[in-house]
Amino acid sequence: MSWPVLLAFLGCKEPIEPPQPSPLLGVEETEQYTVSGLRRPAHVVYTEAGIPHIYAEDREDLYRVQGFVVARDRYFSMDLVRRLSQGRLSELLGDVVLQTDQESRGLGMTYVTDLLLDGLTDDQRVWYTAYADGFNDYIDAVKRGELPPPSEYEFAGPLVGAEDPADLLVPWTLRDVAAIGGTIAYRLGYETEDIGRTDDFLRLDGLFDGEPLADLRQAGAEEFWRDVTPVFDVPSAPSFGESGTHRSAPVPDGRRLTRPARANRAMLGRARRTADRLQDRLGRDHREGWGSNAWAVGGDFTADGRALMAGDGHLELDIPALMYQIGLDTEHLGGGDTHLAGLLLVGMPVVGAGTNGKVAWSSTQHSGDITDWYAEALQLDADGKPSASFFQGEWKPLQPFEETYAIADVPALDSVGRTETWARYTTFDGRWITDIEGRDASPDEVLAAGETLLNLAGNWVVPSDLDGDGTISAISFDFTGLDPGNLFLLYDEIGHSDDVVQVHEATRKSQALSQNLVAADGRGDVFYTGYEMVPCRQYLPRSPDGTWIDGADPTMLLDGTTYGGFTTPTNPDFTGIEGDPDPYRCIIPFEEYPHTFTPANGFVFTANQDPGGLESDGDLFDDDWHIGGPWDDGYRAETIRSGLQAAVDAGAADIPAMQAIQNGHRSAIGSHQLHHFLAAIDHARAVTAPDPGSSEERLLAAYTSQQARIDEVYDRLSAWAGRGYEAASGVETFYHPTVTDDERDDAVATTLFNVWLADAIRLSIDDEGFPGRLFQGGGSAGRLRILDRMLNGRGPGNPRDLASFDPTTNESVFWDIKATPEIEQSDEVLVRALLDSLAFLESPIEGGDEGGFGTPDMDAWIWGLRHQVEFASLVSAYVDDPLLGPLFNQFAITTTTLPLADEVLPGDPRRPLDWFPRPGDNRCVDAANPGLSGRRFRHGSGPVMRMVFALGPDGVEGRNIIPGGQSGLVDSPHFSDQAELWLANETLPLRFTVEEVLEGAVERHSFTPAFFRP
């Protein structure tokens, strides 16, 4: 039937134009799929690097095709993610991952998954069911032989007894989609620091008894325990309230330390090991640290009047990559309201960072305190089972819940197929019991009468009064994620916002994510917030000096016999309810939370640093509310701030300028601290007639023992400073084919400084035997805070008011090396540390790319030969087994996948390298943190995207890259192609409009409803 006849038949009197064919049809169709649930034809246009842009008429069809496309590229990693939060990895791999499943269920991940499932709106249920069905459409295509199975399942099939790898592809349900959200909530929001801090606090008492200058050392340790002073005080926003205050008053002298609630020490140590294991699995390595960045510049402050937004979140660099780039559109074919380009985080069905053409957004880790941990007192029944917890003078019945595990029969992994059922317990008010005092046990433990074997978050325990104090202690937790929320809705609303004001309103739904959010809009405005629903905790009493009373400090174990669990109450639309008179249902007011819109300097930024000047006075106890912390030390934040200010002042803020800041490899620590190190050598050179037995005599002796070598280090590092402290790799590779003489010299200097820095910390701080969480901010961040105070706290009058200040040496007592009878001083220690560094760097090579360089020739000490980035297989993050994990290394990206050069001959120092030489060091903006061991320099975390947008009235322009590729199939051309660009700090266009997509189009896949006939 012709169009005129059809129109006449329909009674149309006015002639109308027939619909024009979409220009998408001009892209070569290379594949076609008929999908039973699809309602109208849809198209996927692939641009460079295999990036899909999905066009459908409505969101249901859009999600269905999205599920198919994501599954095709990333099914294996998505399968691991859904199994992780549901505690179902052992259904695939058997006993080797059973403990991981027990942790997931025992720590609430499965419960949170079901909460998210129950909280989905009617529309979301339709959309995400379609998304799951898209996964199932992919599975059907694999089973029909139309598509290859995931590479990992082709390998693992024989291992787990599957003749056909397609048999390992288990259909998806709506619960599986919710499980993706459950994993994200734990990856981003759940924290366990309170356990380790409690364990370390209990080791703080009498830490230096019987040692030299014990009183000063003890006072200094207690000061460092509570001191959170950042190296650079550059908060993201004003403090609490719309105007906010930026406090800078010093911490009151003599402020007492709050003691945690009492708990059995053996149980506490076991719980800590569980917590640390989980944190490693979630990618939070405090030894290396991480380094996410995001910022935005207002349109009135840029080179062309367009607002700028940049985001480079730093997480683990597993393969397949955590991020997946995608375009989603219902506007072009159906006139709908969805037009997005950006990134999905580990298979989330919603865009977590990107643009809709009107706004662009990205985020960083906020380090909010939204998990509280409690010390409980339990009662056992006659069989030795936990039956009640003591609360405010009464025994309250515990609530038992049974968890059943299906363990696969995998003979190759010594796993016997079976099911097991184990109970977990919650208190009357919903706190989760994760550990109970008692002896460590095994699955086949022989029990006495009245004993019960429990599995608590992966630990086998027989409850008993182990320390004989008459109480069975236990540990429990509460987490905002254990209350109803809808993180999918949060991101969906951000992705459909018209401006940053609407983005701010969308964050009212932020729960259990702990993210700093930065956004810019086409009107030229920019915005920052760290908001999430945080309990007021007004039920935790404080002393007159602002500290919590003993047992009421939420950064350690709370007294669970006195203080209960909190609730984060929400409205039906999942925004938080404020003003509830019940203190256990109170959340910090939305408008009070630190945030800012287009400040006077024209930009907003976050680099995991203090969100609102809460650390400026070195104290977290004197603010209106407790929201978290301690935060990052401020090195990256200050580098970003100064870079943005320079670009704004010069009128040069544009996309290339933002990329230059993202790609910055200037050694932030070197530029800030090197002069102290070189001054120690200057001091040694100036010594002429030292007093016998003095520190100066030892300093001079250390210097003259290797004077020529030390002078060479001095000259090299001075020249490095003159060239700008660039932390260069110095290694020729396919992604950096030319190395200049200056770069090579910078690479040697970077090696020298980073090893010297670590040895200085080892001799001055780590030799004290401090508890690990004494370092506020964790690991390297805490050590760098302390080092900064010790270096700048030297001189008459105690310039930094150090409690450890020794007036006889005019510096902190911690410069003294405890193991020696002498009282060493700082310059002496710094020169001795340099001698240790030289000895290490001259020592033999170990394993080809570790240890020293096996030569005294400093020209050979090239940073990139030791400082490398690892793209390890995702399996290693999920499987602790030392045998199984390495079997999956073939799915990593190594120098076998991407050879460093066309030919690397025997004897070439690059030949043994499995990983990729990289510039940068600790605290660079392009964070490449190897940690502060001074002996191992590889890093496995880094930017999981490098995204930049410019937005204005005429639209949006963007760039991005991910570390790896779109596909998880090892034989795909898009398995590692973006890694090649990522290594060179290059990016691809982030195509938004149809016209831009067509410019970069490579092929088109069409999706047709089963009933449709063209």
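This is a predicted model: local features need pLDDT of at least 70, side-chain atom pairs count only at pLDDT 80 or more; totals for chains, interfaces and linings use all residues.
## The eleven-stranded sheet

Eleven strands form an open sheet with mixed pairing, and their order across the sheet is β1-β36-β2-β3-β7-β8-β9-β10-β21-β22-β24. At the edges lie β1 (29-35) and β24 (595-597), each of which pairs on one side only, and from one strand to the next the twist averages 15°.

Strands of a sheet pair through backbone hydrogen bonds, and this pairing can be either parallel or antiparallel. Here β1 and β36 (residues 1001-1009) run parallel and are joined by six bridges; within this pair of strands, Thr34 has Thr1008 of β36 as its bridge partner.

## Helix α15 and its surroundings

Helix α15 covers residues 635-649, and its 15 residues reach 21 Å from the first C-alpha to the last, which is close to the 21 Å expected at 1.5 Å a residue. Just after α15 comes Gly651, which takes a positive phi of about 65°.

The buried residues of α15 are Tyr635, Arg636, Ala637, Glu638, Ile640, Leu644, Ala647 and Val648.

Thr183 is part of helix α8, which spans residues 174-188. Is this residue, Thr183, buried or exposed? Thr183 counts as buried because its relative accessibility is 0%, and buried means under 20%. When its neighbours within four places in sequence are left aside, Thr183 is in contact with Val81, Leu84, Ser85 and Met109.

Terms used:
Residues are numbered from 1 along each chain as its sequence is written. Side-chain values use heavy atoms; hydrogens and water are left out. Helices (H or I, at least four residues) and strands (E, at least two) are DSSP runs, numbered from the N terminus. The expected span of a helix is 1.5 Å times one less than its number of residues. Buried means under 20% relative accessible area, exposed over 50%, partly exposed in between (1.4 Å probe, protein chains only). Two strands pair if DSSP finds at least two bridges between them. Axes are lines fitted to C-alpha atoms, for helices over the stretch in contact, and angles run from 0 to 180 degrees between N-to-C directions. Contact means heavy atoms within 4.5 Å.
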